[in-house]
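This report describes selected side chains and their surroundings in one protein model. The sequence and structure are shown first.

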Amino acid sequence: MTKVTAYIGLGSNLATPQEQLKAARLAISALKDTEELGFSSLYRSPPMGPQDQPDYVNAVMAVNTELSPITLLRSLQKIELEQGRVRKDEQWGPRTLDLDILLYGSEVINIPDLIVPHYGMAVRAFVLYPLQEIAPSVLIPELGLVSDCVDKCPLDGLERIA
Ligand code: ROI
């Protein structure tokens, strides 16, 4: 199998978000045929969507992986569940852990459970700014350079956590 560089978005706004992201980072690094290449700073961001929920902590992780996109997705969903994620009916409600495949090499993927590049990533400050920190010159298929997307994206209250 060939190795692909994938970027994963991490988010949490329940149950000590910084600890959730730390645990998720370890779990992702421990996945079969997967190694960590980079991890951004942590960022605090006001909730996008319903406002009656806590602020989020967000980060982006780069990995080299031999897992297929769908196997990577299922592995990330397992980690979400292991860290206590409960899927509720509310679409944009609070969550202990959200792991999204943002990019998988330069592939464009559109299958029932997985759309890559992640929809909305080009306009979400809490995705673009951490991604830019670890991969400023990466190309988002069909959207352009991360750094160009950042230039068009307001911070929306995003703050790097010292
Ligand atoms: N808002 C922020 N700031 N960060 C997130 O990770 C995040 N994730 C979500 C929704 C509910 C859309 N809002 C978010 O899934």
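## Salt bridges

In this predicted model, lysine 32 is classed as exposed because its relative accessibility of 60% is over the 50% cut-off. Its side chain meets that of aspartate 33 in a salt bridge, with an N to O distance of 3.1 Å. Aspartate 33 has a relative accessibility of 37% and therefore counts as partly exposed. Side chains of opposite charge can pair when their charged atoms come close.

The count of salt bridges comes to six. Another of them joins lysine 78 to glutamate 82, whose closest N and O atoms are 3.4 Å apart. Both residues belong to helix H2 and are four residues apart, about one turn of the helix; lysine 78 and glutamate 82 are exposed. Aspartate 98 also forms a salt bridge, with arginine 95, at 3.1 Å between the closest N and O atoms. Both aspartate 98 and arginine 95 are buried.

Threonine 65 is located in strand S4. With a relative accessible area of 0%, threonine 65 is buried. Its side chain is joined to that of threonine 34 by a polar contact of 2.9 Å, and a polar atom of the threonine 65 side chain lies 3.0 Å from the backbone nitrogen of leucine 67. Beyond four places in sequence, threonine 65 touches Thr2, Lys3, Val4, Ala6, Asp33, Thr34, Leu72 and Tyr104.

Threonine 5 is found in strand S1 (residues 4-12) and is partly exposed, at 26% relative accessible area. Its side chain makes a polar contact of 3.0 Å with the side chain of asparagine 64. Leaving out residues up to four places away in sequence, the residues touched by threonine 5 are Leu37, Val63, Asn64, Leu103, Tyr104 and Gly105. The C-alpha atoms of threonine 5 and cysteine 153 are separated by 24 Å, the two residues being 148 residues apart along the chain.

In soluble globular proteins, nonpolar side chains tend to be buried together. Here the largest nonpolar core comprises 27 residues, and the members with the most contacts inside it are Leu10, Ile28, Leu72, Leu99, Ile101 and Tyr104. Two or more residues of this core come from each of S1, helix H1 (17-29), strand S4 (56-65), H2, S5 and strand S7 (114-116). Another core, of 22 residues, lies apart from it and includes Phe126, Leu128, Leu131 and Val150.

Isoleucine 101 is in contact with Tyr7, Pro69, Leu72, Leu73, Leu76, Leu114, Val116 and His118, when neighbours within four places in sequence are set aside.

## Proline 130

Proline 130 is placed in helix H3 (residues 125-134). Its relative accessibility is 0%, so proline 130 counts as buried. Not counting residues up to four places away in sequence, proline 130 touches Ser40, Tyr43, Ala59, Val60 and Ala125. Its C-alpha atom is separated by 17 Å from that of asparagine 13, 117 residues away along the chain.

Tryptophan 92 is situated in the loop between helix H2 (69-82) and strand S5 (98-104). Its relative accessibility of 34% means that tryptophan 92 counts as partly exposed.

Note on methods
Residues numbered from 1 in each chain as written. Predicted model: local features only at pLDDT ≥ 70, side-chain atom pairs only at ≥ 80, totals over all residues. Heavy atoms only, no water. Buried < 20%, exposed > 50% of the residue type's maximum accessible area, 1.4 Å probe, protein only. Contact = heavy atoms within 4.5 Å. Polar contact = N/O pair within 3.5 Å; in protein donor to acceptor, adjacent residues only side chain to side chain. Core = buried A, V, L, I, M, F, W, Y, C linked by side-chain atoms within 4.5 Å. Salt bridge = Lys/Arg side-chain N within 4 Å of Asp/Glu carboxyl O.
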